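Please view the sequence and the model first, then read the points below.

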Amino acid sequence: MEAKLTTLRSEIEKNLSRSGHNLASFAKVSGLNRGSLSAILHGNPPKPVSLGQLDSITKAFAFPEGWLYPLYVEECFSEERVSRRRVEPFLVRCAEIGKQQCIDEILSRILEYSKSLEIIFSVAEKLFRNGKVQESLIFYKIIAANEPDNYSERLAISQYRIFNSLQAVVDAEDNLRAVITFEPFRGRLPEAMQLDGLLKLAKVCFLLNMWKDVEKYADELRALANGVYREELQLRKKNGRRSEELQTERPLVVYYGHGYLLKASALTKLRRYEEAKKYTAGYSDLSWFEMMDEVGRQAVETFRLYAIANSYTLEMLVGNIKALPAYISFLAEHPGEILPGMLIIMESANRYGFSADAALTRFSREILRFGQFQDPINVDRLFRLNYEVAMYLIDRQEYSKGIEHTIQSLQLSMKLNTEKGIIKCVTLFEINRVHASDKQQQLYTDLMKEMRQNEKDVTDDDRSFGIV
């Protein structure tokens, strides 16, 4: 170990000699105290080098940032101890500038020491708070893999951060694995994180069509938000003000409103429409909610619009065709609602057999622009809309257009990696294959080949890891 410590100092000494500096002149250009520099290089034992001092030395030599970092790893260890004062800022800085080899070397050794997980978790949290979310994940994953206490808050927070990082994932299987992994830890988080965690769980389950789970998490979210709200009100009445700012990603009213919105959405998907109407009323007017800032008041207005839109949805789903003209007018005034609104209209048209031509004509341009969406929820909506439009057109013997939408739906279901969706699209195409043009049949064949190749690639990858 001593030889490695000397290697860092030998490198500094070598470059001092090459640059023509003595201790006094180098102390001046580096901004270090001459006495400290002497103690670092010639002390017996040598004085440890801080990360700040190392960066100053590197800069004075005009080396690239992190040039001496590989030699600094040993400086973080002393006999049988880890120097938290040095290793923690060192890991943070290595993560920030991409010195992965140094991180790997530190992590391979640090787990042998007591309280190492405390250091790793601290590094992860510092990176996360500094906006280095992706850089923090490697450290949260170390906690997830090595934390011996399954009920520790540190483990729960790490699992939450990992789960939260996967929210932009489109792949259904990846999302399902993420839900299964994080779900047991949701109740072990601090209350503020519980609110965020439950909201995200419910939204991912919504994307996965797991309606019973959406309902469950919505119930938990609503109960928790209501409890936190009452507690905050009591604290304000007692102290005349809030004791401290609630550290949530969104205003408290957002969680409260989503507890009702997601519950109503799940009930709607389960075709329990009368119950859904009651919960829709629960978020239609949240203006009574106290302790709101401007962001919260905007959220209240958004919930009001959602309630109007979803009231129309419920009318359509129970077959009230008379509501269609008013619904189309509402969607025209609120373009952000057109995609989910058109999905409901087409589902209802197919279920009850009424004409949706007016809606398709009115929003034809908007439908063409839906392909720009990349977020999982809207990609899923677009997949389902194309499928419903395909069935609607085929039922009216507009086969060419219907098959075109079938193929678009198949492409989106492959992007989502949803097995049920793929089967539905393939079945619809095969039933109507006789009506497909040569070009459509070729495109369908190409998609089947692509799907087969993707399955082969996955199988090959599995075999490489010894999976039979």
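**Briefing: helix faces, helix packing and a buried arginine**

Just after helix α4, A62 takes a positive phi of about 65°. The model is a predicted one, in which local features need pLDDT of at least 70 and side-chain atom pairs count only at pLDDT 80 or more, while totals for chains, interfaces and linings use all residues. Residues are numbered from 1 along each chain as its sequence is written, and side-chain values use heavy atoms, with hydrogens and water left out.

- Helices here are DSSP runs (H or I, at least four residues), numbered from the N terminus.
- Helix α3 (residues 34-42) has S36, L37, I40 and L41 as its buried residues.
- Their arc around the axis is only 125°, which puts them on the same side of α3.
- At the start of α3, a side-chain oxygen of N33 comes to within 2.7 Å of the backbone nitrogen of G35.

**Helix pairs**

- Helix α2 (residues 23-30) packs against α4 at an angle of about 100°, with the axes 9 Å apart; axes are lines fitted to C-alpha atoms over the stretch in contact, and angles run from 0 to 180 degrees between N-to-C directions.
- That angle makes α2 roughly perpendicular (65 to 115 degrees) to α4.
- In this pair, F26, V29 and S30 of α2 meet S56, I57 and A60 of α4, where contact means heavy atoms within 4.5 Å.
- Helix α14 (residues 252-269) and helix α16 (residues 294-317) pack at about 10°, their axes lying 10 Å apart.
- The α14 helix is therefore roughly parallel (under 35 degrees) to α16.
- Among the residues of α14 that meet α16 are V253, H258 and L261, and the α16 side includes A299, F303 and Y306.

**R222 in α13**

- R222 is found in helix α13 (residues 211-239) and is buried, with a relative accessible area of 14%.
- The side chain of R222 reaches the backbone oxygen of G259 at 3.2 Å.
- Not counting residues up to four places away in sequence, R222 touches G259, Y260, K263 and Y279.

Note on methods. Helices (H or I, at least four residues) and strands (E, at least two) are DSSP runs, numbered from the N terminus. Angles under 35 degrees count as roughly parallel, over 145 as roughly antiparallel, 65 to 115 as roughly perpendicular and the rest as oblique. Buried means under 20% relative accessible area, exposed over 50%, partly exposed in between (1.4 Å probe, protein chains only). The arc is that of the directions from the helix axis to the C-beta atoms. A polar contact is a pair of N or O atoms within 3.5 Å; within protein, one must be able to donate a hydrogen and the other to accept it, and residues adjacent in sequence count only if both atoms are side-chain atoms.
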